[in-house]
Amino acid sequence: MTEELSSAVSRLLHGQMGVISRTSVMRYRNVSMAIEEIARELKVNYLVEGSVKRDSGRVRVTVQLLRAIDGTALWSESFERVLDDALAMQSEIALATATAIGIQIVPNEAASIRKNRSGAIHAEVHDRYLRARHLLSLRTKPAIQAAIRYLREALAIDPVFAPAMASLAFCHALLPITSLLRPHDCFPAAQSLASDAVSLDASQTDAHIALGLVDFWYRRDWNAARHHFLHACTLNPGDSAPLMFLAHLHSILGEHEQALTTLGAALILDPVSPIVRTHHGHFLYNAGRSFDALRPLEQVLEMAPQFWVAHLMRGKALATPDHVPGQIPGLSATSREAIDSFLLSEQFAMGNSEPLAFRIHTMAAIGRSVEAEMAFRTMLEMHQSELLPPLHRALGALAVGAPSAALELIEEAFAENDVRLVFLLVESRWNALGESSYADALERANLSAYKLASSGD
C-alpha cells in the first residue's frame with residue numbers, strides 16, 4: 001500500500017509538492033522515532049502515517065496526516081474493502097490525502113489515476129508483486145532471482161498484469177550488472193518483457209526504465225537511453241530510479257556536474273536509499289573526487305552495513321588516493337584499507353566478481369604481487385565454473401602484468417557486450433592499456449567523443 005500510495009500522491013501533486021520515495025520511507029517502518037526526527041531526516045513538512053489490517057477477507061486502511069513541526073494530526077480517515085478490492089481504493093486515499101493537505105488537484109490527472117487504478121486486483125498477484133519490489137532494492141543476485149520467482153508466480157495467475165511484467169523486465173536488466181550472468185542471456189528478455197508491458201499499459205515506469213537500461217548497458221546507445229529515462233521521470237515524478245539512472249548516464253559520459261545535479265534530485269525524493277546514496281559516492285569517484293566520495297559511502301554503510309555496492313565503491317575510492325598530498329597513487333595506507341573494503345564487498349555480494357578484480361589490482365599496486373597473482377589464479381579457476389565477466393578478468397590481467405591477455409579479454413568483452421564497457425571513460429585504471437589500445441576501446445564503446453569533450457573542458 002505504501003508503494004501504491006506514494007506513486008499516486010506523487011502524480012497528483014506533481015509540480016506542487018514533492019513526495020519521498022518508498023525506499024527511504026520504509027526505513028522508518030516499525031521504528032520508535034519521534035515524528036519530528038523522521039521529518040528532519042527526510043527534510044519534509046508533512047508525513048502520512050497509516051496502518052493496514054486484514055481479517056476474514058476484508059482489509060481496513062487507516063491514514064492520518066501529521067504536521068512535522070509538532071506531530072499534530074491534521075486529518076485522519078479509515079477505508080475498508082473486501083481484500084480483492086483493497087488496492088482499488090488507493091486513488092480514493094490519495095485524493096483524500098491531497099485534499100487534506102489543501103492542494104488543488106489537477107482534475108485530468110486525478111481522473112487518469114482513478115481510471116488506471118479502478119477495478120479489482122487479485123490479492124495473491126499483488127502480494128507477490130510487492131514482495132518482488134522489496135527484494136529488488138537489495139541488489140544481490142539471490143534477491144533478484146527471488147524477485148523473479150515471485151513475479152513469474154504473479155504472471156502465472158494473471159498473465160496480463162502489466163506491473164509484474166514491467167518489474168520482471170527490470171529484474172532481467174539488473175542481473176548482468178549485479179551478478180555473473182551474461183548480457184546476451186538477460187537483455188533480450190528484458191527488452192521483450194518491457195515492450196509487452198508497455199503494450200498493455202504505457203504508463204509502467206519500470207518498463208521504460210528497463211528499455212533505457214537495455215540501451216545503456218547493452219547497446220551503449222546513449223540518446224535512446226536518455227529518452228527512456230526522461231520519459232520514466234515524466235510518468236512517475238516521485239520515483240527516484242529514473243533520475244538515478246539518468247545521472248548514471250551523465251556520469252559515465254564524463255558529464256559530472258550534470259550527474260551530481262540530477263542525482264541530487266533523486267536524493268531529495270529518496271534521501272536514505274542505500275543505492276541512491278551509494279551512487280552519490282560513485283559519481284564523485286567517477287569525477288576524480290575520491291576523497292569527497294567517502295562521506296556518502298560511509299553514511300550508507302552506517303545505515304546498511306552489508307550493502308556490498310557501497311563497500312565496493314568505498315574500496316575504489318580508498319585505492320585512488322587523490323586526497324593524500326604528495327602521496328604516490330596506489331602506495332598509501334588507504335589502499336591497504338581498500339583491500340578490506342573489497343573483501344567485505346565480496347562477502348556480501350553473493351555472486352559478483354568486481355570486488356575481487358579491484359582487490360587484485362590494489363594488491364598489485366601496493367607491491368603485494370605474490371598475493372595478487374594468487375588471487376588472479378583463483379579468479380581464473382572460478383571462471384571455469386562461474387563464467388566471470390571478461391572485463392573483470394582483464395583488470396586482473398593488467399594488474400599482474402599480462403597486457404596481451406587483457407587485450408584479448410577486452411575483445412571478448414566487446415563480443416559479449418560486457419556491461420562494464422560503459423565505465424571505460426571514467427575508470428582511470430584502464431589507462432594502463434596504453435594510449436593506442438585505450439583510444440581504440442573508447443571508440444568501439446561509443447565513448448571517444450565524450451573523451452574529447454572532457455579534454456576540451
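This presentation covers the aromatic pairs, the sheet and the cavities of one predicted model.

Residues are numbered from 1 along each chain as its sequence is written. As the model is predicted, local features need pLDDT of at least 70, side-chain atom pairs count only at pLDDT 80 or more, and totals for chains, interfaces and linings use all residues, while side-chain values use heavy atoms, with hydrogens and water left out.

I begin with the rings. Rings of Phe, Tyr and Trp (its six-membered ring) pair if their centres lie within 6.5 Å; planes under 30 degrees apart count as stacked, over 60 as edge-to-face and the rest as tilted. By this rule there are eight aromatic pairs. Phenylalanine 229 and phenylalanine 245 are stacked, because their ring centres are 5.9 Å apart and their planes stand at 25 degrees. Phenylalanine 229 belongs to helix H11 (residues 222–235) and phenylalanine 245 to helix H12 (residues 240–252), so the pair ties together parts that are 16 residues apart in sequence. Helices here are DSSP runs (H or I) of at least four residues and strands are runs (E) of at least two, numbered from the N terminus. Phenylalanine 229 and phenylalanine 245 are both buried, that is, under 20% relative accessible area with a 1.4 Å probe, protein chains only.

Phenylalanine 342 and phenylalanine 358 form a tilted pair, at 6.1 Å centre to centre with 35 degrees between the planes. Phenylalanine 342 is in helix H17 (residues 333–349) and phenylalanine 358 in helix H18 (residues 354–365). Both of these residues, phenylalanine 342 and phenylalanine 358, are buried. Ring pairs also link Phe216, Trp217, Trp222 and Phe423 into a cluster.

I turn now to the sheet. Three strands form an open sheet in the order E1-E2-E3, with antiparallel pairing; two strands pair if DSSP finds at least two bridges between them. Strand E1 (46–55) and strand E3 (73–82) are at the edges, each with a single partner strand, so one side of each is left without a neighbour in the sheet. Strand E2 (residues 58–67) and E3 pair over nine bridges, and valine 61 has phenylalanine 79 in E3 as its bridge partner.

Finally, the cavities. A cavity is a set of points, on a 1 Å grid over the protein atoms alone, where a 1.4 Å probe fits but cannot get out; lining residues have an atom within 4 Å of a point. Which residues lie nearest the centre of the largest cavity? They are Ile177, Trp217, His282, Glu354 and Phe423, out of 27 lining residues.

Notes
Buried means under 20% relative accessible area, exposed over 50%, partly exposed in between (1.4 Å probe, protein chains only). On a 1 Å grid over the protein atoms alone, a cavity is a set of points where a 1.4 Å probe fits but cannot get out, and a pocket is an open set with protein on both sides within 12 Å along at least five of seven lines; lining residues have an atom within 4 Å of a point.
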